[in-house]
Amino acid sequence: MTIECADDLLSPSSLPGGIPDFAGVTPQTCLAALREGMKRERERWDVIASCPEPATIDNTLVPLELAGAELERAESVFFTMTSSVGGDEWAKAEEEIVADFVDHAHAFSTHLPLYRRVVEAAENATEEEASFVLADYIRDWKRAGIHLDKDKQEELRSIDRELGAAEQAFTKASVTARGCGPRGLDAEDLGPAAGEGIRADDGSVTLPLANFTTHPALAHIPSQQARRLLLEASLNRANGTGEVDTRPLVAQIATLRARRAELLGFDSFADMVVDGSVAPSTEDVWTLLTSLGQSAQRALASEEKVLAELADTPLEAGDWTYYEEKLRARSFSIDSTDLKNYLELSRVIVDGVFYAATCLYGVTFTPREDVAGWVEGVKAWEVRDASGLPLGLFVGDYYTRETKEGDAWMHELVSYNQLTGELPVIANTLNLARPAEGEPTLLTWDEVETCFHEFGHALHGLFAATLYPSHAGTSVPRDFVEFPSQLNEMWAYHPQILRRYLRHWETGLAAGEDVVEEISRSKSFGQAYATLEYVAAAALDLAWHTTPVHDLPDAAGVEQFEAAQLARLGLDHRLVPPRFRSTYFTHTFGGGYASAYWSYIWAELMVADMEDWIRTGPLCGDNEGLNRDVGEALRRGVLSRGYSRAAMDSYREVTGREPDPRSVARRRGLA
């Protein structure tokens, strides 16, 4: 079937597994479907609000949960096309629809009759899950300003429209800035990293930038000058020294968010975000970040001496990962370049990621060659549980494209919906370099971890079993959504799973047992650098969103603000740049993780403690917890529950305890 009109996008798909039909999708069709979906949902809100009967679960909560089903179908297709395909036409469509999205959200957040109806239903509710969901609706309404007068609500709507447009512009500019890597580099200076760049007619190489600061190629470039040029290009992107300048957008977004929080009665935008999180307060987040940063700084001081001994020149920023790689080669029997030959993408996915899920949860994966994605090369698998019943579809889009957004993510093409019987269609998206024709896709170890991480999100979506779809799967607080994904990374290191997927791409021979053991014990290698670069970025995010509006800098002061904040917090280090600088920090200034980049580390509090429980708890068994008992406890207690109850209640059901705050430093080898 080819998409020809808006109704095609608003109706359930008839394709295998219910995956949306992307054939012939155009920006114009998507825009028409989105607007029609919004219109229908608003009409249903009015019907619910005007019902003359006393408010109940059946006449209020259930129809409210179903009111936006058509809009969600159109949104999933639109998001997939704008983020995974991209290009000028889709970017223009995003710009055109952003105000409609803001207006639609405000139509809901200011719908006082509907709010009162939900409050009445909550007062009458007796079922535990329904009561929790209704209470969460009410909390969200209050955080969105339901009690503001009309003038302030209109001011809030104006701020949100401006904010949405600015965030969208930032994301688009950040994608463009990734193409501003150093040009004319000598292939010999780049060594093995030359293969990751674009060759010019004269033989010189251009290296596209990574989404984050420390480019993976820095670990393999033998020339210090070439490393310096690559890092400088990465750090200076979008700061006005080249063709892209996002500093005005950074200042604008931070100011708008501060004004928004003030209007809603919060001391800062960060306080507003933490209000709906697992973390108790902004102060608790600051304490965790600075404590970890100090631990990392102490570890870096001793590691710097070791790396300096390996270098033949004084260390510069950009040298750390290069000499750390030399230290790795000295400490382990296989270096990362050789290791890549044992990390072929399809084997990592099938014999690593999928195999671990089968061991834990009994689920099976069957390739579906008849399922088409949004671009050629997207892969699909049917997922069934241990009894053979279908759970949904899993879809993988693994390769980078010029107009595709950076980084990696999971999103739902179709969300689990117990009310309608729809099964989930879950996508994992990565940005791996596409190999030359006939060559294998070989991964770095970081990319292997990313595959396991994103599939942890996928399991959260596939195992959803809550009654109310708005609170199913990954629809949990931001600092809890990263818990299942980070936890799933532990299985990448498990010896049984490593033996399964760690095989030479050409010969099929397994890596030696010594390599398996080394990888299992290498998890904390390099964690001082990784911790500080992450903590520095998370602290910058939090600093932007805790600074009073009158103290925020203008565009010209963005870099000075960064430097001052990192120095104030003791998180600056001449050899360790933050994982993101503000001018390309899409996690925060593109939306999504705005003032919540710290949520990864708060989730790691639970991850580190849960890993201890898996390896030493009552269900551990004799295989370090890789068994169906552990998997069933995780699925029943956390992965299936969504946000049908307090997130920490789900955690405590599995472990029977609170997370140990010291566990993160121990997990990272920094204790």
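Q: Are Tyr361 and Phe463 buried or exposed?
A: This is a predicted model, in which local features need pLDDT of at least 70 and side-chain atom pairs count only at pLDDT 80 or more, while totals for chains, interfaces and linings use all residues. Residues are numbered from 1 along each chain as its sequence is written, and side-chain values use heavy atoms, with hydrogens and water left out. Relative accessible area (1.4 Å probe, protein chains only) under 20% means buried, over 50% exposed, and in between partly exposed. By this criterion, Tyr361 and Phe463 are both buried.

Q: How many aromatic pairs does the model contain?
A: Rings of Phe, Tyr and Trp (its six-membered ring) pair if their centres lie within 6.5 Å; planes under 30 degrees apart are stacked, over 60 edge-to-face, and the rest tilted. Under this rule, the number of aromatic pairs is 32.

Q: What is the arrangement of the aromatic pair Phe354 and Phe394?
A: The ring centres of Phe354 and Phe394 are 5.8 Å apart. Their planes make an angle of 85°, and the pair is therefore edge-to-face.

Q: How many residues apart are Phe354 and Phe394?
A: Helices (H or I, at least four residues) and strands (E, at least two) are DSSP runs, numbered from the N terminus. Phe354 belongs to helix H16 (residues 345–361) and Phe394 to strand S5 (residues 390–399). The pair links distant parts of the chain, with a separation of 40 residues.

Q: What is the angle between the planes of Tyr361 and Phe463?
A: These two residues form an edge-to-face pair, 5.0 Å centre to centre. The angle between the planes of Tyr361 and Phe463 is 65°.
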